[in-house]
Amino acid sequence: MKKVSMGLDKVLEKIIMEREREALISEKKGQHRTHKDFVDVLVSLMNQPMNPHDEHVYIIDRTNIKAILLDMIAAAFDTSAASIEWTFSELLKNPRVMKKLQDELESAIEMDQMVEEKDLGKLEYLDLVVKESFRLHPVAPLLVPHESLEDITIEGFHIPKKSRIIVNTWAIGRDPNVWSKNVEEFYPERFSGSNNIDIKGHDFRLLPFGSGRRGCPGLQLGLINVRYVLAQLVHCFHWELPSGVKAQDLDMVEKFGLSMWRANHLLAKPMYRLVHKPM
C-alpha cells in the first residue's frame with residue numbers, strides 16, 4: 001500500500017508542478033490564459049484563504065489538491081467502467097441497436113482507422129445509446145445524499161428543514177408515467193429529435209450526474225471515457241455471446257451498492273472487423 005501511495009503521489013505531484021510551471025511562464029510573458037481546467041483552478045487557489053472574512057480560515061494546500069484529484073480519478077474510473085459494461089450488455093442484448101451504431105461508426109470513420117476523441121462529436125446515435133443506458137442503468141442509483149435547506153411541502157409531502165434527501169434515479173428512469181409504456185425496453189430513439197433530453201441536470205427525468213452545485217464535477221471526464229471506449233469496442237470488433245446463449249436470454253441481474261454493477265461478469269467473444277491498410 002505504501003508503494004502504491006508513493007507512486008500515486010509522484011504522479012499527482014508531477015501534474016501540479018506542470019500546471020504551476022505553465023502558470024508561471026504565462027505570467028512572465030504577460031499572457032492571460034483563457035482556458036482553465038479543474039486542475040488549473042485548484043492550483044490557482046493553493047495556499048490562499050477560501051474565505052478571508054471567516055474567523056475559521058481554511059486554506060487549500062498541496063495535500064488537499066492531491067486528495068481532490070485522487071477522488072476525481074477514482075470515481076471516474078469506477079463509474080465509467082460500470083456504465084461501459086451496462087451499455088455494452090444492452091448492445092449485445094439488442095442486435096438492432098448494435099447494428100445501427102456500427103453503421104453510424106462506419107459512415108463517420110473509415111474502416112481502416114481507429115476512433116479518435118475528436119470523432120465523438122460526429123456520433124449522434126452513440127449519444128442516444130449512452131443516454132438510454134444511463135436511464136436504465138444509473139451507476140449511482142440513489143445519487144449522493146442531499147439536505148433540505150428549509151421546510152417545504154411538495155405534492156402534499158412535508159419535508160422538514162435539514163432532512164436528508166435521497167433521489168432514486170433508478171426508479172425515475174423506469175417510471176412509465178415519466179417515460180412511456182415501453183419503459184423497460186432499451187430504445188435509444190426515445191431521445192432523438194424533440195426529445196433530446198439534457199444529461200447535465202437541467203432535465204430532472206435523467207440525472208446520471210446529479211444536478212446543480214452538487215452535481216458530479218467529473219461529468220465531462222466520465223462522459224468522454226464511456227463514449228470513447230464504447231466507440232472503439234463497437235467499431236473495431238464484431239461481438240458474439242458464448243455458445244448457447246441467446247441475446248434475449250442475456251443475464252442482466254444487478255448488484256446493488258454505492259455504484260451499481262452487473263451481478264455477474266459479461267462474457268463475449270470479439271472478432272476483428274477493421275480493414276488492414278496495405279503496406
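Is W179 buried or exposed? Select W179 and look: at 15% relative accessibility, this residue counts as buried. The cut-off for that word is under 20% relative accessible area. Keep in mind that you are looking at a predicted model.

**Stop 1: around W179**

The structure holds five aromatic pairs. W179 and F191 form an aromatic pair, and the arrangement is edge-to-face. Their centres are 5.6 Å apart, with 65° between the planes. Why does this pair tie together parts that are twelve residues apart in sequence? W179 lies in the loop between α6 and α7, and F191 lies in the loop between α6 and α7, so the pair links those parts.

Stay here and select R135. R135 lies over the face of W179. The distance from the ring centre is 5.5 Å.

**Stop 2: F237 and its neighbours**

Next, select F237 and W239. The ring centres of F237 and W239 are 5.7 Å apart and the planes meet at 65°, so this pair is edge-to-face. F237 counts as partly exposed, at 25% relative accessibility. W239 is partly exposed too, with a relative accessible area of 22%. F88, F237, W239 and Y272 form one aromatic cluster.

**Stop 3: an arginine over W86**

Select R262 and W86. Where does R262 lie? R262 lies over the face of W86, at 5.9 Å from the ring centre.

**Stop 4: the largest pocket**

Show the surface and look for the largest pocket. Its volume is about 1400 Å³. How many residues line the largest pocket? The lining has 45 residues. To find the centre, select L143, V144, H146, G210 and R214, which lie nearest to it. Then colour α3 (62-93), β1 and α7, the elements that give two or more residues to the lining. Which element gives the most? It is α3, with nine residues.

**Stop 5**

Most residues other than glycine have a negative phi, and most peptide bonds are trans. Select L143 again. L143 has a positive phi of about 50° although it is not a glycine. You will find L143 in the loop between α5 (124-136) and β1 (146-147). L143 is also one of the residues nearest the centre of the largest pocket.

Now go to K162. K162 has a positive phi of about 70°, and it is not a glycine either. K162 is in the loop between β3 (157-159) and β4 (164-165). Is K162 buried or exposed? K162 is exposed, with a relative accessible area of 59%.

**Stop 5: an annotated cysteine**

Select C216. The UniProt annotation "binding site", from an unreviewed entry, covers C216. C216 is found in the loop between α6 (169-173) and α7 (219-236). C216 is partly exposed, with a relative accessible area of 37%.

**Last stop: the whole chain**

How values were computed:
Residues numbered from 1 in each chain as written. Predicted model: local features only at pLDDT ≥ 70, side-chain atom pairs only at ≥ 80, totals over all residues. Heavy atoms only, no water. UniProt positions renumbered as here; feature names shortened; annotations may be inferred. Helix = DSSP H or I, 4+ residues; strand = E, 2+ residues; numbered from the N terminus. Buried < 20%, exposed > 50% of the residue type's maximum accessible area, 1.4 Å probe, protein only. Phe/Tyr/Trp six-rings, centres within 6.5 Å; stacked < 30°, edge-to-face > 60°. Lys NZ or Arg CZ within 6 Å of the ring centre and 35° of its normal. 1 Å grid on protein atoms, 1.4 Å probe; cavity = no way out; pocket = protein on both sides within 12 Å on 5 of 7 lines; lining within 4 Å. Points joined across faces, edges and corners; volume = space filled by probe spheres on them.
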